[in-house]
Amino acid sequence: MQLNTTFSKNQSMASPLPKPLLPWKTRLAIFCLSTLSSASRRSDGTINRRLFDLFDFKLPPNPEPVNGVSTYDVVVDPTRNLWFRVFAPSSSDTDGKLPVVVFFHGGGFSFLSPESKAYDAVCRLFSSSLPAVVVSVNYRLTPEHRYPSQYDDGFDVLKFLDENGTVLSKIADVSKCFLAGDSAGGNIAHHVAVRVCQQKLQVVNVIGLISIQPFFGGEERTESEMRMKEAPIVTAEIADWHWKVFLPEGSNRDHEVVNVSGPNGVHITGLDYPSTLVFTGGFDPLQDWQKRYYEWLRKCGKEACLIEYPTMIHGFYIFPEFPEATQLISQVKDFIIRQVSNVK
Ligand SMILES: *[C@@H]1O[C@H](CO)[C@@H](O)[C@H](O)[C@H]1NC(C)=O
Ligand SMILES: *[C@@H]1O[C@H](CO)[C@@H](O)[C@H](O)[C@H]1NC(C)=O
């Protein structure tokens, strides 16, 4: 598997393609992550878990507040290792109850977990900045568990919260619930949202969806996929590998869960699909699929808003050194405030 960290090379080419400007610390982190994930992805469609886990630094839950947020884990189904991590702001200066954000991490459906250092940090930051009670879901991973395990796990967590909302901090209000996810997590958030519309919940009320550079695709190669063959973190080639081990044997990327806006996709026009905020980056090869997703939501009559960061790469927001990562959180905050006030 080719490495995709050479974005500063080739500058002597006749008409160099624009490259993202990245601080050296970020480059190093991306280099490590790309090297590790590409070394762990085997061409036979399996993953070298032992290798990946060696460098996937994990944090245990911590009841002591760190940056104003305490965490604990809740088991939903031990037989499939389904659990979630709760991030609850410890300060009591919040007047009234807080919205709940059910979060699905990225990693191509194959890598990482709520315990991974970067995602623990991101959820903690969301929790303290929004503020909100964040529920980060440990869904099963591919290739050991293919589609639809990830959607089943996501929806089962919502059913669990519907019946057992008291496991959350007393300040959590599940009637103001948001689904959120980045990359593969954005794909899961979408499909879980569709299930929530199809199978009503009693107490949990999903009032918004935060879709950060969601992972969608199709057989066709889009302009951005063809132009950015050496983008950091993800390329069309890497995406292909992840779809292959996610989808049922024998299906292609025009499957309904990948090419959601294509003719095979589920019709959502008649569904009470939540208002959606989509983020894209100008150096993300997947951006054309993300924009199609946004346009498709609008075409189906859904409320959707697109925020583009022209100079950002796939996964930028997990790097706190980007000012745009902070900006994204404040835009999510505005969205949440607006949605919560619409419900009242
Ligand atoms: C709610 O919690 C109880 C006790 O842990 C469990 O038996 C039940 O299955 C949970 N509900 C759902 C929908 O998961
Ligand atoms: C994939 O989706 C695009 C729309 O985004 C559509 O033009 C294309 O035909 C789709 N492919 C298939 C075979 O579903």
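Predicted model: local features only at pLDDT ≥ 70, side-chain atom pairs only at ≥ 80, totals over all residues.
In which loop is Phe109 found? Phe109 sits in the loop between strand 3, residues 98-104, and helix 3, and its phi is near 70°, a positive value in a residue other than glycine.

Staying with the backbone, let me turn to two prolines. The peptide bond from Leu130 to Pro131 is cis, with omega near -25°, and Pro131 belongs to the loop between helix 3, which covers 117-129, and strand 4, which covers 133-138. The peptide bond from Thr142 to Pro143 is also cis, here with omega near 0°, and Pro143 lies in the loop that runs between strand 4 and helix 4, residues 149-164.

As for confidence, the protein has a mean pLDDT of 91, with 94% of its residues at 70 or more. Please be careful with residues 1-14, where pLDDT stays under 50 and for which the model has 32 contacts beyond four places in sequence.

On annotation, an unreviewed UniProt entry lists residues 101-317 as "domain: Alpha/beta hydrolase fold-3". In the model, the chain over residues 101-317 is 34% helix and 21% strand, and the end C-alpha atoms of that stretch are 17 Å apart.

Now to the ligands, starting with ligand 1, which is surrounded by Lys159, Phe160, Glu163 and Asn164. By class, that shell divides into 1 nonpolar, 1 polar and 2 charged residues. A nitrogen atom of ligand 1 is 2.8 Å from an N or O atom in the side chain of Glu163, while an oxygen atom of ligand 1 is 2.5 Å from an N or O atom in the side chain of Asn164. Taken alone, ligand 1 exposes 360 Å², and the protein buries 43% of that.

Taken alone, ligand 2 exposes 360 Å², of which the protein buries 64%.

Notes:
Residues numbered from 1 in each chain as written. Chains lettered and ligands numbered in written order. Heavy atoms only, no water. Areas by Shrake-Rupley, 256 points an atom, 1.4 Å probe, with all protein chains shown as cover. UniProt positions renumbered as here; feature names shortened; annotations may be inferred. Helix = DSSP H or I, 4+ residues; strand = E, 2+ residues; numbered from the N terminus. Near = heavy atom within 4 Å. Polar contact = N/O pair within 3.5 Å; in protein donor to acceptor, adjacent residues only side chain to side chain. Nonpolar A, V, L, I, M, F, W, Y, C, P; charged D, E, K, R; others polar. pLDDT = per-residue confidence, 0-100. Contact = heavy atoms within 4.5 Å.
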